[in-house]
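Okay, thanks everyone, I'll keep this short. Have a look at the model on the screen, and then I'll walk you through it.

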Amino acid sequence: MNNLNDRIVMPVWMLGLFVVVMNTTMFNVSVPSIINDLSISSDLGSWIVSSYSIGYALSTVIYSRLSDIAPIRRLVAIGLLILGLSSVLGIFAHSFALLLTARILQSAGAGAMAGLGLVLASRYIPIERRGKAISMIAAGSAMAFGLGPIVGGVISEYFGWNGLFVVTCLVLVILPILLKLLPKENPKPAKFDYFGAAWIVINATTLLLAVTQQSLIWFAVSVVTIVLHVLHIRKSKGEGTFVNPEVFRQPGYNRLLVVGFCLLIINLGNLFLMPLVLANLFHKSELLIGFLIAPGAILSAMLTPFVGRWLDRYGNIRFLFIGTVILTAVVALFMTFVGRSPFVIMCGYLLFSPAFSATLASLNNQTSSILPRHLIGSGMGMMQLIQFFGGSLSVAICGLLLHKMSNTSLEHAYNHVYQLLFLCPVIAIVMLGWYYSSYRKRVQAHKLV
């Protein structure tokens, strides 16, 4: 196994991931000005954000799966070059077609950082230090979610929305550093299931379209594509398929997938709702909204070194429970008092963001620990896809629910949506209890043997 200086590599990786994830939220605050500048409808404008989110989720799992047959260094080079060069294209985009093309190309490269980071940590960092590395990745994402609106608001106000693409060009500076530091690999020759990769893209895209368009036709198409994908896997008997059915047979893996799905629903749903509450109920500016959300993200980043040490010392499952309980409490707070004061949101997010980072790091660390080495790429990739898909679905459903409740008062509408979000951490706690029960039985059986 090649050596990896994780004390240098992981902070650099966290910086790259920070830029990539922030690229998701920076554009949220700029959509209104883009709509006005390009004279497009709000429906078209929403695709500036949603196209990136969908592509990001799908490219994440594709890069993870490719890491089983291709060197991580090569995949990182391809991903960051695509991301960096498409960002350069976006700087000069003055039409909707060119802007949308740049965003889709960005998403095709961005998945390399999210998908390969967990594979890198799982493959090369010893289990006793892995929690610290994975918590660093989670903190980079959490801080980017919080600071994205601030950065986006400042750049859009003073330099125009094209200036947002300049930030993402920073990955071209990070790329040569990573190529020098990452270990050289010689993976075993293997076939890549291009048909399976195409099916997973079609499955996710059609299902998201069914939700966002509220279309039974798209839902029927999605069901048909999923059935065809399953038949493809069965025909190949799972050998070399993009979605490796063997990962779903690993003890406890499916329950952890449900937990990951619920966690991202809570996080992205909350990040979608908080700015709306601050803008529509309390009439805060885009810049002030960012400053109210930022303290939670900054605190999460500051706690990263401690969370990593605690995970390595005390284990993942304990922090999974603690973090999920805190998330449940904060969602209950928002569900009850979200319309009372903007400081409820600021104080609640001070707890929410660190708890989410710690919980996600614990989840990913625990998942990597139960997967055999040959399944890490496919297993962690599927976990990432499920997480990001849950987040994309959450934003779409929250938006649809708010639209359906347009006749009720805004405060009641937000309260009702938070009530539905509250179900997710409850489901996650139930799944964790089920997982822990079976985990203890396996540990005891192993001791007896």
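So, before I count anything: two rings of Phe, Tyr or Trp count as an aromatic pair if their centres lie within 6.5 Å, and planes over 60 degrees apart make the pair edge-to-face. By that rule, this structure holds five aromatic pairs. And keep in mind that this is a predicted model.

Here's one of them: Phe248 and Tyr253, with 6.1 Å centre to centre and 65 degrees between the planes, so edge-to-face. Are these two buried or exposed? Tyr253 is buried, at a relative accessible area of 0%, while Phe248 is partly exposed at 29%.

Another one is Phe321 with Tyr436. The ring centres there are 6.3 Å apart and the planes sit at 85 degrees, so that's edge-to-face too. What I like here is where they come from: Phe321 lies in helix H14, residues 316–337, and Tyr436 in helix H17, residues 410–448, so the pair ties together parts 115 residues apart in sequence. Both are partly exposed, Phe321 with a relative accessible area of 25% and Tyr436 with 35%.

Now zoom out. The chain has 17 helices and zero strands. For 449 residues you'd expect a compact globule to have a radius of gyration near 22 Å, and the chain has 21 Å, so that agrees. Buried residues make up 56% of the chain. And of the contacts between residues at least 6 apart in sequence, 84% join residues at least 24 apart.

Notes: Residues are numbered from 1 along each chain as its sequence is written. This is a predicted model: local features need pLDDT of at least 70, side-chain atom pairs count only at pLDDT 80 or more; totals for chains, interfaces and linings use all residues. Side-chain values use heavy atoms; hydrogens and water are left out. Helices (H or I, at least four residues) and strands (E, at least two) are DSSP runs, numbered from the N terminus. The radius of gyration is taken over C-alpha atoms; the globule rule is 2.2 Å times the number of residues to the power 0.38. Buried means under 20% relative accessible area, exposed over 50%, partly exposed in between (1.4 Å probe, protein chains only). Contact means heavy atoms within 4.5 Å. Rings of Phe, Tyr and Trp (its six-membered ring) pair if their centres lie within 6.5 Å; planes under 30 degrees apart count as stacked, over 60 as edge-to-face and the rest as tilted.
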